[in-house]
Amino acid sequence: MMKGVPNFLLVTALLSLTACFVSAYDPSPLQDFCVAIDDPKSSVFVNGKFCKNPKLANANDFFFSGLQIPRNTSNPVGSTVTPVNVAQIAGLNTLGISLARIDFGPYGLNPPHTHPRGSEILTVLEGSLYVGFVTSNPDNRLITKVLNKGDVFVFPIGLIHFQFNVGYGNAVALAGLSSQNPGVITIANAVFGSNPPINPDVLSKAFQVDKKVIDYLQKQFWWDNN
Ligand SMILES: *[C@@H]1O[C@H](CO)[C@@H](O)[C@H](O)[C@H]1NC(C)=O
């Protein structure tokens, strides 16, 4: 304990530090809404994006259509994500929430990935999915479940997770995410498909394999299903 510093001051300092960490999340809005707009002339600047004059906001700023349409899953991973975030609905700006539809062909995979800025809550609308996530170091515990139609599963923010269609037919899931722009890091794409490539010596040591294996992996085309 520091001499002459009252305990409550230290506690206050600690609490403000905690408050700092909390503010690393999407901020709580200071207004009803802040429809994102490109034109700085007819806008005010809040939270990293310009807000449209609220008097000019209309229903279409809060609207998206077409999420009922199945997407083509004929790609190397057999799945396609249709995001509905602030890029699709400008009215989501500052609201800390978004949505995605995920289509899976037979045995299609939404490969291991993380959302750096959002937790995910997913429900299966059609088919059966084997899903899971891995906890952080040092445990790296794998938590999995087979989900059927109507089941709901949560993927905590930042953790590596996946969804695999274990059924013979197509599968469809709907995911809510706790960010207007949760971001996606697909592990294989980021590690083996970065631009420019990561030095193979780094990956050879990191993955404890021969450099030939790394060369092979870096030569693959890493499909982005988002
Ligand atoms: C789906 O994508 C594949 C590959 O690009 C293409 O060959 C196929 O025609 C597409 N199917 C439909 C129904 O659009």
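The model is predicted: local features need pLDDT of at least 70, side-chain atom pairs count only at pLDDT 80 or more, and totals for chains, interfaces and linings use all residues. Residues are numbered from 1 along each chain as its sequence is written, and side-chain values use heavy atoms, with hydrogens and water left out.

**The sheet**

Begin with the open sheet of five strands, ordered S4-S5-S12-S7-S10 and paired antiparallel. Strands (E, at least two residues) and helices (H or I, at least four residues) are DSSP runs, numbered from the N terminus; two strands pair if DSSP finds at least two bridges between them. Select S4 (79-84) and S10 (152-155): these are the edge strands, each with a single partner, so one side of each has no neighbour in the sheet. On average, neighbouring strands of this sheet are turned by 20 degrees against each other, direction ignored. The axes behind that angle are lines fitted to C-alpha atoms, for helices over the stretch in contact, and angles run from 0 to 180 degrees between N-to-C directions.

**S4 and S5**

Pro83 stands opposite Ala100 in S5. Five of the six residues of S4 are buried, so the strand is largely enclosed by the rest of the structure. Buried means under 20% relative accessible area, exposed over 50%, and partly exposed in between (1.4 Å probe, protein chains only).

**S7 and S12**

Next, select S7 (residues 120-126) and S12 (residues 171-177), an antiparallel pair joined by six bridges. Glu120 has Leu177 as its bridge partner in S12.

Ile121, also in S7, is partly exposed at 45% relative accessible area.

Move along S7 to Glu126, which is partly exposed at 40% relative accessible area. Leaving aside neighbours within four places in sequence, Glu126 is in contact (heavy atoms within 4.5 Å) with Asn170, Ala171 and Val172. Gly167 is 41 residues from Glu126 in sequence and 10.0 Å away in space, C-alpha to C-alpha.

**Thr114**

Go to Thr114 in S6 (residues 109-114), which is buried at 8% relative accessibility. Not counting residues up to four places away in sequence, its contacts include Gly158, His161, Gly183 and Ile187.

**Salt bridges**

Finish with the three salt bridges of the structure, each a side-chain nitrogen of Lys or Arg within 4 Å of a carboxyl oxygen of Asp or Glu.

- Lys52 and Asp61: the closest N and O atoms are 2.9 Å apart, and both residues are buried.
- Arg101 and Asp103: the N to O distance is 2.8 Å. Arg101 is buried at 7% relative accessible area, and Asp103 is buried at 4%.
- Lys211 and Asp201: the closest N and O atoms are 3.1 Å apart. Lys211 lies in helix H4 (residues 211-219) and Asp201 in helix H3 (residues 200-207), ten residues apart. Lys211 is partly exposed at 38% relative accessibility, and Asp201 is partly exposed at 44%.
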